[in-house]
Amino acid sequence: MNLSEHVPQISVIIPVFNDLKGLTRCLQRLADQQPDTSAFEVIVVDNGSTPPIEVAAALPFPVKLVRHETPGSYAARNAGVRASSADGLAFTDADCLPAPDWLRAGHAALLAGNGGRIVGGEVLFTPESKPTAVAMYQQLMGFGQDSNVKDKGFTATANLFCTRAQFDATGPFEERLLSGGDREWCWRATKQGFAVCYTPEAVVMTPARSSLRSAMKQARRVVAGRRSLRQLGLAHAGTAALAKQRSAWQAVGWILSNQDIGFFDRLRVLFVAVLIRVVAMLESLRLMLGGKPERL
């Protein structure tokens, strides 16, 4: 069949910024999807990478490469939706590795909702044989997709399925946000009457951050995103949904009592946790004093 004449069932939308290596691995995993790759297309949105992203490999599915300069993954995802053609939309990130049945499981759960539910699949950290203290910290804390959906009413855009009709009814992602746009969009979708449902069978893997620098950047970005949601009046589910999973003291007790790792490793993880909390507090102070959220 001529790919230009093919109308896919699913459009997979992947924003990317300076991560050609991760994108290449993600696309290779998508080539292993079941059912066969004729069921979907992939929209890669280069969000201003230097040098520009190029998709050189021959792949068994159509790929559209879009360049979108407005900073932020949510602006890039909106551009990806505009360039897509399928009724089903699947979102993931360039550093994610979808399981072979990711699309099948996610799309089946979406169709089973008869247009009434948005689907959040599982996000797991890729296992490492010799993780750093930072990677151990992230693996121990977990990505928390189950809690995101069930307790906080949103699915991370690392693993989100919706229909085009749902996206159109909800509206595009909020492009003023550099973090937290997945929360805001799902909360807005809930106000439109759509349920957000957790589907553990639709799995993507993502690497844990291994360096303290990258973990600190992530902490600062999350703090800025939560603050922006409050300031812009976009915390549609209430400020309680923005709270951390554990207080500082609860986190200390939970780490020290965890039996999945040895006592020395627990101390190492605790040290990382304390540093990240301090960084988050300093970022909150910087923003309170008039600083602006940064693309990190």
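Predicted model: local features only at pLDDT ≥ 70, side-chain atom pairs only at ≥ 80, totals over all residues.
On the side of helix 4, the contact is made by Ala-133, Val-134, Met-136, Tyr-137 and Leu-140; helix 10 contributes Asp-265, Arg-268, Val-269, Val-272, Ala-273 and Ile-276. By residue class, this contact comprises 9 nonpolar and 2 charged residues, with no polar ones.

Attention now turns to the aromatic rings. The count comes to 9 aromatic pairs. One of them joins Phe-40 and Phe-61 in a tilted arrangement, with 5.0 Å from centre to centre and 35° between the planes. This pair links distant parts of the chain, since Phe-40 sits in strand 2 (residues 40-46) and Phe-61 in the loop between strand 2 and strand 3 (63-67), 21 residues apart. Phe-40 has a relative accessibility of 1% and therefore counts as buried; Phe-61, at 2%, counts as buried too.

Phe-125 and Phe-143 form an edge-to-face pair, 6.2 Å centre to centre with 65° between the planes. Because Phe-125 belongs to strand 6 (residues 117-125) and Phe-143 to the loop between helix 4 and helix 5 (145-152), the pair ties together parts that are 18 residues apart in sequence. With a cut-off for burial of under 20%, Phe-125 counts as buried at 19% relative accessibility, whereas Phe-143 counts as partly exposed at 30%. Elsewhere, ring pairs link Tyr-74, Phe-91, Phe-167, Phe-173 and Trp-185 into a cluster.

Terms used
Residues numbered from 1 in each chain as written. Heavy atoms only, no water. Contact = heavy atoms within 4.5 Å. Helix = DSSP H or I, 4+ residues; strand = E, 2+ residues; numbered from the N terminus. Nonpolar A, V, L, I, M, F, W, Y, C, P; charged D, E, K, R; others polar. Phe/Tyr/Trp six-rings, centres within 6.5 Å; stacked < 30°, edge-to-face > 60°. Buried < 20%, exposed > 50% of the residue type's maximum accessible area, 1.4 Å probe, protein only.
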